Amino acid sequence: PDEQMDLDDGRWEDIHVITGALKLFLRELPEPLVPFSHFDKFIAAIKIQDQATRGRCIRDLVLSLPPAHHDTMEVLFRHLCRVIEHKEENRMSVQSVAIVFGPTLLRPASEEGNMAMHMVFQNQVVEHILNHFAYIFPE
C-alpha cells in the first residue's frame with residue numbers, strides 16, 4: 001500500500017500539522033534517531049566542562065552512529081538549522097527547536113531515572129549539534 005499524498009491538499013498548509021506528523025514519526029520509531037546504546041554516551045559528553053573536548057566528543061559520537069541514523073540526523077538537522085535561520089518570523093530559536101525535538105530524538109531505553117534531569121541534557125545535546133552543525137557535519 002504505497003499511499004499517494006497530495007501535498008497541495010489544503011490540510012497540509014498548516015505547518016503545525018506537518019511538524020506534528022514529523023515529531024510523531026520520529027517518536028514512534030522502535031529506536032530513536034540517537035540509538036539507545038548511545039544515549040548515556042551523549043549525556044556524558046554534554047556534561048564535559050571543557051568546550052573543545054565536549055565539541056570533539058559529540059562530533060565523534062555523531063560520527064559513530066550507524067549510517068542510517070547519521071545520515072538521517074544530518075538531513076534533519078540541516079533542515080532544523082534552516083528553520084532557526086527564520087526565527088524572527090517563526091519564533092523557533094535554537095532553544096525552542098531543542099525543547100521540541102530533544103526528548104524525541106534522544107531518549108533512554110527505560111523511562112526510569114530522573115526524567116526532568118534527562119530532559120535538560122537531551123535538549124542541550126540537540127542544541128549543541130544545531131549550534132555546531134558545520135563542524136559536526138562538514139561538507
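Predicted model: local features only at pLDDT ≥ 70, side-chain atom pairs only at ≥ 80, totals over all residues.
A residue is counted as buried when its relative accessible area is under 20%.

Helix H7 comprises residues 115-131, 17 residues in total. From its first C-alpha to its last, H7 reaches 24 Å, close to the 24 Å expected at 1.5 Å a residue. The buried residues of this helix are His118, Phe121, Gln122, Asn123, Val125, Val126, His128, Ile129 and Leu130. These buried positions pack against five helical segments, namely H2 (36-46), H3 (51-63), H4 (67-85), H6 (94-105) and H8 (133-136).

Helix H6 contributes its own set of buried residues, consisting of Val94, Val97, Ala98, Phe101, Gly102, Thr104 and Leu105. The cover over the buried residues of H6 includes helix H1 (15-28), together with H4 and H7.

The loop between helix H5 (87-90) and H6 contains arginine 91. The phi angle of arginine 91 is near 60°, a positive value in a residue other than glycine. Arginine 91 is exposed, its relative accessible area being 69%.

Aromatic ring pairing was also examined. One aromatic pair is counted in the model. In this pair, the ring centres of phenylalanine 133 and phenylalanine 137 lie 5.0 Å apart and the ring planes stand at 35°, so the arrangement is tilted. Phenylalanine 133 and phenylalanine 137 are both buried.

How values were computed
Residues numbered from 1 in each chain as written. Heavy atoms only, no water. Phe/Tyr/Trp six-rings, centres within 6.5 Å; stacked < 30°, edge-to-face > 60°. Buried < 20%, exposed > 50% of the residue type's maximum accessible area, 1.4 Å probe, protein only. Helix = DSSP H or I, 4+ residues; strand = E, 2+ residues; numbered from the N terminus. Expected span 1.5 Å × (residues − 1). Contact = heavy atoms within 4.5 Å.
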